Amino acid sequence: MDKQSYFYQFIEPLSKELALVARELENSIFSSPRTMLTHARVFVENILQQVIRAEELPEDPRANLKDQLDMLNDKGYLIPEIRDALHFVRQIGNQAAHNSRMFRYSEALLSWEALYKIVKWYVEVYGPVDITVPDYQDPSPIMEERYDMSELEIRLKSLEELLSHSVEKLSTETALAETAVAVETPVAVVPVVEEGIPGVTTIRTITFNGRKLEVPYFLRDAFLLPQRFDKSETFLIRLGAEQQARIMSELPKNLEGLHNHVKRYSEKNDEILFEELKTFIEEEKIRRKLSLERPGELFFFYKADYIIVTEELAKVPLTSQEFTGIPSLLRQLNEDQIDSVGQLPKELVILAKYENVGIGTVEKLFEQLKKKTNEKASAVVPEVEEESIRTSNKKWDSLYINVKLGKGNTVIRGESVPALWKEGLNWIEDHHLPIHEMIKEGVVLGSTDTGKRYAMALEPVHKDKRNFTQLHTYKSKLTGTTYYLETKINPKSGLETLAKLLTRLGVEVKIPLLENND
């Protein structure tokens, strides 16, 4: 198949529009699985509408995809294989529209296979006799991300230095062996080139008072948005006016004396900026990793936190009925024709530019967006469970706990018990809560301490001296100690255990999945 063709090109004589939608679905499988799954519903709904018209059945404009599917099935127009394929596309599409969990290539490929069955049936039953349906074909994956030429040069140069050093070392060792001179040879310092994803190679180093900050390649020309630097915002604005520090590459290799470019600032401001640059780089690394792991997703970022923007969340109008306590921000957004959530900038701190809108207002909006994300994720669960389709996903595929410490609300989430626990431990240590002594005593599995099995301990051995069945580890960022996690448990027990741990640390906890499980 050449570059100009696509798999469903053969249905163009039947419907050029349907064929073009199929082409975009094919293109989005590896670039955005969520997009493919969400819009595959629209694709099959269009097919069913064509079937309803062809069979001259009554059309109900209020009927959704499930109503149409059930009606055709009840009247005997669908064979079981096609009915199940339609249900699968519908259900996984509903999840993609509502649920913020990560959707995998494999799920998009399963939907693609189901679409093939549906299209083949539709063409053979309702299409022209001269259209031949080809055999099923897997879509071609996109080319993996490549290194930019400049980054590749840096990596090759470092590796060549490493190679040169190894040859020199070998020659030295041979000479020493031949002359039997027992002299210790100093080891040259060679840049380390770690195997990893493109973009993370260190392009330059920024220093301040003997401290170093490594700038990865993907941030070489990153815009230094002043609102991202809480304590240095005004400093950066003033520097930007002097054509200094607008982008990463404008920063000097040594920040000492940077304040001399503007009036009424001191070396303390240089030091604060250096520390905030460190935070900025770490946050950007996390964001880049997130974007690569979840291709094609739309994110809203606020400081170190983020939200996955689903299709349903994007449709929510920016009105006082939906969002409370921020009328001035909503009014100004609407005046700028930003009327729905999907039109917001992905970097939410930018919204603080509006008149009488501070960072506290932006945080209120972000927290309400997070709440709506969880509500919409929960809203799709009942429909998923009402059908017993073999390939459907259970609600436990996305685990999360709502936590509150002081004035801050956070959602701790994971796609499995180990992932949830590790995220929970990360959050606990980020807030410097005294977790180590509890792990040292051993955290018993479940909501009480009556069992014999540990969930977390300093050694992978249970109370009854049995070894952990399924072992994961977590290395403490605060103490460097390795914590052992017993992860052969069900999601319910995993949620209860983490909730018990957090509650004892003085954290307010809510678990919607358990509340809705009655």
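This briefing describes the predicted model of a single chain, from its overall make-up to selected local features.

The model is predicted, with local features requiring pLDDT of at least 70 and side-chain atom pairs counting only at pLDDT 80 or more, while totals for chains, interfaces and linings use all residues. Residues are numbered from 1 along each chain as its sequence is written, and side-chain values use heavy atoms, with hydrogens and water left out. The chain comprises 16 helices and eleven strands; helices (H or I, at least four residues) and strands (E, at least two) are DSSP runs, numbered from the N terminus.

**Overall composition and confidence**

- Of the 518 residues of the chain, 43% count as buried, where buried denotes under 20% relative accessible area with a 1.4 Å probe and protein chains only.
- Among contacts in the chain with a separation of 6 or more, 62% come from residues 24 or more positions apart; a contact requires heavy atoms within 4.5 Å.
- The mean pLDDT of the chain is 82, and 83% of its residues reach 70 or more; pLDDT is the predictor's confidence in each residue, from 0 to 100.

- Three strands form an open sheet in the order β6-β5-β11, with antiparallel pairing; two strands pair if DSSP finds at least two bridges between them.
- Because β6 (408–414) and β11 (508–510) stand at the edges with a single partner strand each, one side of each is left without a neighbour in the sheet.
- Neighbouring strands of this sheet are turned by 25° against each other on average, direction ignored.
- Three bridges link strand β5 (residues 399–405) to β11 in the antiparallel sense, and K510 in β11 is the bridge partner of N402.
- Helix α13 (residues 417–430) packs on the sheet, touching β5 and β6, and its direction makes about 150° with that of β6. Such angles run from 0 to 180 degrees between N-to-C directions, with axes fitted as lines to C-alpha atoms, for helices over the stretch in contact.
- Helix α15 (residues 491–504) also packs on the sheet, where it touches β5, β6 and β11; its direction makes about 10° with that of β5.

**The β3–β4 hairpin**

- β3 and strand β4 (residues 305–308) pair in the antiparallel sense over four bridges, with Y302 opposite D305 in β4.
- Two residues lie between β3 and β4 in this hairpin, and K303 in the turn has a positive phi of about 55°.
- From strand β3 (residues 299–302), F299 and F301 point one way and F300 and Y302 the other way, and all are buried.

**Packing of α3 and α4**

- Helix α3 (residues 65–74) packs against helix α4 (residues 80–98) at an angle of about 175°, with their axes 11 Å apart.
- α3 and α4 are therefore roughly antiparallel to each other, a term for angles over 145 degrees.
- L65, K66, L69, D70 and N73 in α3 meet R83, L86, H87 and R90 in α4.

**The segment before α1**

- F7 is found in the segment before α1 (16–28) and counts as buried at 7% relative accessibility.
- The C-alpha atoms of F7 and A22 are separated by 8.3 Å, and the two residues are 15 residues apart along the chain.

Definitions and conventions:
Angles under 35 degrees count as roughly parallel, over 145 as roughly antiparallel, 65 to 115 as roughly perpendicular and the rest as oblique. Buried means under 20% relative accessible area, exposed over 50%, partly exposed in between (1.4 Å probe, protein chains only).
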